[in-house]
Amino acid sequence: MTGPAGSAGKGPLQASFEFAGPPRQFSELDRGNANRAAVDFLESVNAWPFPVACLIGPPRSGKSTLADVWARAQSGLCQTPEALLTRSERVDLSKTALAIDPADTGLPENALLSLINQAGERDGRLLLTASTPPMAWPVENKDLASRLASLPLAEIHKPDEEMVGLRLYSLLRRHFAAPPMDVVRYLEPRLKRTYADIESCAKRLAGRVGSGQGLTVMLASTVLTEMYGAEDKSDG
């Protein structure tokens, strides 16, 4: 947890502007058991066994953010399939690294195969993101299927309690200068283990504080009841 110790924050907090934006470099990323191996793998790109790799993870797990950070570190590009297909200039992987987010939908098979081949031939770097392993993608081209099945894989796992706290604190930092740690600690064992729930909780808290309420454990309890119902709220 990167939050300041002892920041219990009792008074009302304002959420009228954001204090921190999404991570832009590896040093700004949260690293926990759920994502450390994936972050470390992407950061050590020069040690990849093959110039193309795939990053997978659950919805809202930070794949897009991590792909963008990776591309920035390589002075490269992070593109959606739609943006890539409408670019006026063709990407040359001998000159720039490319992350495609997501890579399992929206890109013609021949285009994806061409990029994978280009990375191998020109010692380029290509990162593909998806929700499922590339060997499970429904492709018809046998050459593409063979290449996808052999790609190195980095995986962001479902959040554990540690990651709930890390991600919740980071999201709240975008709205509050110093999110109270007692609120974060209260929510860690109580939020359901999905990235979508962590994000929803942070947005609800920010919205309620923006309307004049204080960011307190009592408010966090109220938000949990809104999300799950009184009968589903537990200590984990």
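**Entry 1: a bridge partner**

I began with A53 and looked up its bridge partner in β4, which turned out to be L127. I am working in a predicted model, and I keep that in mind throughout.

**Entry 2**

Next I asked myself: in what order do the strands of the open sheet lie? I read off β2-β3-β4-β1-β5, 5 strands with parallel pairing. At the edges I found β2 (77-79) and β5 (153-155), each of which pairs on one side only. I also looked up how neighbouring strands are turned against each other, and the average is 20°, with direction ignored. As a reminder to myself, strands of a sheet pair through backbone hydrogen bonds, either parallel or antiparallel.

**Entry 3: helices on the sheet**

I then checked which strands helix α1 (residues 36-43) touches as it packs on the sheet: they are β1, β4 and β5. The direction of α1 makes about 140° with that of β5. Helix α2 (residues 63-73) was my next stop, and I found it lying across β1, β2, β3 (98-100) and β4. Relative to β4, helix α2 runs at about 175°.

**Entry 4: two helices that meet**

Here I turned to a helix pair. Two packed helices are described by the angle between their axes and the distance between the axes. For helix α4 (residues 109-122) and helix α5 (residues 142-149), I noted that the axes come within 10 Å and cross at roughly 50°. An angle between 35 and 65 degrees counts as oblique, so α4 and α5 are oblique to each other. Is their crossing left-handed or right-handed? I have it down as left-handed.

Which residues of α4 and α5 meet? On the α4 side I listed E109, L112, L113, I116 and N117, and on the α5 side D143, L144, R147 and L148. Sorting the residues of this contact gave me 5 nonpolar, 1 polar and 3 charged.

**Entry 5: the whole chain**

To finish, I looked at the chain overall. I counted 9 helices and 5 strands in its secondary structure. Reading along the sequence, I wrote down the pattern α-β-α-β-α-β-α-β-α-β-α-α-α-α. Of the 236 residues, 44% count as buried.

Notes: Residues numbered from 1 in each chain as written. Predicted model: local features only at pLDDT ≥ 70, side-chain atom pairs only at ≥ 80, totals over all residues. Heavy atoms only, no water. Axes fitted to C-alpha atoms, helices over the stretch in contact; angles between N-to-C directions. Helix = DSSP H or I, 4+ residues; strand = E, 2+ residues; numbered from the N terminus. Parallel < 35°, antiparallel > 145°, perpendicular 65-115°, else oblique. Left-handed = near helix turned anticlockwise from the far one by under 90°. Contact = heavy atoms within 4.5 Å. Nonpolar A, V, L, I, M, F, W, Y, C, P; charged D, E, K, R; others polar. Pairing = 2+ DSSP bridges. Buried < 20%, exposed > 50% of the residue type's maximum accessible area, 1.4 Å probe, protein only.
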